[in-house]
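I opened this one to see how the chains meet and what sits around the ligands. Notes follow in the order I looked things up.

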Amino acid sequence: MFIIEELKGVSLIKIDRHRCIYCGACVGVCPKLALILKETFVEYDEKKCINCGMCAKACPMKAIDFKK
Amino acid sequence: MKADYDVIVVGAGPGGSFAAKKAAKAGASVLLIDRRKELGAPVRCGEGLGSHWLDELGLKVSPKAISAEISGSVLYSPNMKREVKIQNPETRGYVIDRKVFDKDLAIDAGRAGAEVIAKTEVYEVIKKDGKVCGVKANCAGDKFEANCKVLIAADGGESTIARMAGIDSTATLYDTDFGIEYEMVNVDCQDLIEIYFSKSAAPRGYVWVFPKGKDVANVGVGIGGLEQGNAVEYLDRFIKNNKRFEGAQTVAIKGGLIPVGEPLKELVADGLMIVGTAAHQVDPIHGGGMALAMEAGGIAGEVAAKCAAEEKTDKKSLYEYESIWRKKVGPKLMRRLRLRKVLEKLDDNDFNAIFENLTDKDLDELIKGDYKPVVQKVLFKRPQLLKVLSALL
Ligand SMILES: Cc1cc2nc3c(=O)[nH]c(=O)nc-3n(C[C@H](O)[C@H](O)[C@H](O)COP(=O)(O)OP(=O)(O)OC[C@H]3O[C@@H](n4cnc5c(N)ncnc54)[C@H](O)[C@@H]3O)c2cc1C
Ligand code: SF4
Ligand code: SF4
């Protein structure tokens, strides 16, 4: 957890807007509300993100890249 | 728009629109808010709805909202050697068009007296002395605040409203399936919902073909959140490896998350109620959530209107919704959850053996919730499952 906290503000995830079908699954699993669906795209707040990678695992469209 | 409402509902899906309609009919002033510019679209659903729900919910579905009538379901074993048809009142139903269906429900809410605003996103929940009392929202670029006595969070799988209010409704990978589906043309269909069980094709979930007409179907895959890969990879593989889809064309892509664990531990807080997928009220076996959302929304709407009229909207008063809901739905849902936990532990060989040894009637009983005779029969043939299956006895 310490390492993850240290990475706050550094982003390891990348959302491909062209692949996203704005289904909101990533929003539902994000423990920090760092992702918010804006009807047709996902807004990402890297300051809130703890790089847990949950959103990338969840995304049914494989639209989120998570650099481990 | 006014500054004060008895009830504000966030989310005009089936749960929210039903809640808004019931609350308005019970005399409350209601504001129904949804982020979408067009209610119902984009769809995040297989669109299957059992017809028994129409009576249970007092719901009328307009012919325009029905894509296909379904006479039952057919389940396939992992090795595809056996198929089981279940055609009874429980499995009869419709594949609907949610773009039409959801909008119709919002129209009903509007007709019942609720104010409805589309293209409006709630971005903050207002609390006073720990009690939820309103929302901040952005309506097509214009920000506004509105107060309410009761806020109903019916915002679906994202479930951000409850979390903004301080209730952790985050979906966990363990208790959630993630689904993707293509609406395809040139797929031969009967009037049956098709379900394929297979660990390799859909680990911890299943593959479905829901007909929307003679040659159009929603073809989808849901997988458990902790499984390898993402749902779309499984769906693409299933379609590629299946000759039936050779000439099929995709006319829509739909997807989303499906909670398949327990509903939230608490469905109410001071000034707040949570309904539908936002509260994880989804059937843990087939992942259907429309009807459960409407059922919960209906109860919540009526209780919210009553509590608002009596000016008693603390957690204890609003708990009436949770208590009615748990009594009505809880036992059945928990039984199905137990069945799910067992099914999760079976591998493809177990499934094949079960399919081979059981008659259509046995499986029918299993689906209905009468586990005992079936379990006994399976154990006779496959005693090594004793430990796993004993949870059902
Ligand atoms: C792939 C897949 C297949 C499925 N198949 C079936 C099926 O065949 N049958 C079935 O019964 N169920 C199925 N489900 C489940 C079903 O779709 C849901 O359970 C159902 O839609 C839940 O209804 P709801 O009213 O709770 O939420 P939703 O229908 O999700 O509605 C939530 C609404 O809230 C709005 N909203 C969210 N956040 C905000 C905000 N901040 N401000 C304003 N508005 C907001 C959204 O725009 C949306 O309109 C499926 C789900 C998926 C993902
Ligand atoms: S990596 Fe984790 S915290 Fe960051 S956006 Fe994804 S789910 Fe949220
Ligand atoms: S889960 Fe994937 S497809 Fe769905 S909204 Fe998030 S990024 Fe887009």
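This is a predicted model: local features need pLDDT of at least 70, side-chain atom pairs count only at pLDDT 80 or more; totals for chains, interfaces and linings use all residues.

**Where the chains meet**

I started with one pair: the side chains of A:Lys38 and B:Glu121 form a salt bridge, 3.1 Å from N to O.

Next I asked how many salt bridges the rule finds across the interface of chain B and chain A. It finds three. I also looked up polar contacts between chain B and chain A, and the count is 12 residue pairs, both residues at pLDDT 80 or more.

Which elements of chain B give two or more residues to the side that touches chain A? I got α4 (160-164), β12 (176-185), α5 (231-240) and β16 (249-259). Of these, β16(B) gives the most, with five residues. I sorted that side of chain B by class too, and wrote down 10 nonpolar, 10 polar and 12 charged residues.

**Area and contacts**

The size of an interface is often given as the accessible area lost when the parts come together. For chain B and chain A I noted about 2,200 Å² buried between them, with 61% of it on carbon and sulfur atoms. On the chain B side, B:Arg163, B:Leu173 and B:Asn230 lose the most area to chain A, together 22% of what that side buries. As for contacts, I have 32 residues of chain B against 24 residues of chain A.

Then I turned to the ligands. Around ligand 3 I found 13 residues, and A:Cys20, A:Cys23, A:Gly24, A:Cys26 and A:Cys59 come nearest. By class, this shell has 12 nonpolar residues, one polar and no charged.

Ligand 2 is surrounded by 13 residues, the closest being A:Cys30, A:Cys49, A:Cys52, A:Gly53 and A:Cys55. I sorted the ligand 2 shell as well: 11 nonpolar, two polar and no charged residues.

**A glutamate in chain B**

Last stop was B:Glu47, which I located in the loop between β2 (30-33) and β3 (48-50) of chain B. Is B:Glu47 buried or exposed? Its relative accessible area is 1%, and the cut-off for buried is under 20%, so B:Glu47 counts as buried.

What does the B:Glu47 side chain pair with in a polar contact? I found the side chain of B:Lys212, at 2.6 Å.

Terms used. Residues are numbered from 1 along each chain as its sequence is written. Chains are lettered from A and ligands numbered from 1 in the order in which they are written. Side-chain values use heavy atoms; hydrogens and water are left out. A residue is near a molecule or strand if one of its heavy atoms lies within 4 Å of it. Ala, Val, Leu, Ile, Met, Phe, Trp, Tyr, Cys and Pro count as nonpolar, Asp, Glu, Lys and Arg as charged, and the others, Gly among them, as polar. Contact means heavy atoms within 4.5 Å. Buried area is the accessible area (1.4 Å probe) that two parts lose on being put together, summed over both. A salt bridge is a side-chain nitrogen of Lys or Arg within 4 Å of a carboxyl oxygen of Asp or Glu. A polar contact is a pair of N or O atoms within 3.5 Å; within protein, one must be able to donate a hydrogen and the other to accept it, and residues adjacent in sequence count only if both atoms are side-chain atoms. Helices (H or I, at least four residues) and strands (E, at least two) are DSSP runs, numbered from the N terminus. Buried means under 20% relative accessible area, exposed over 50%, partly exposed in between (1.4 Å probe, protein chains only).
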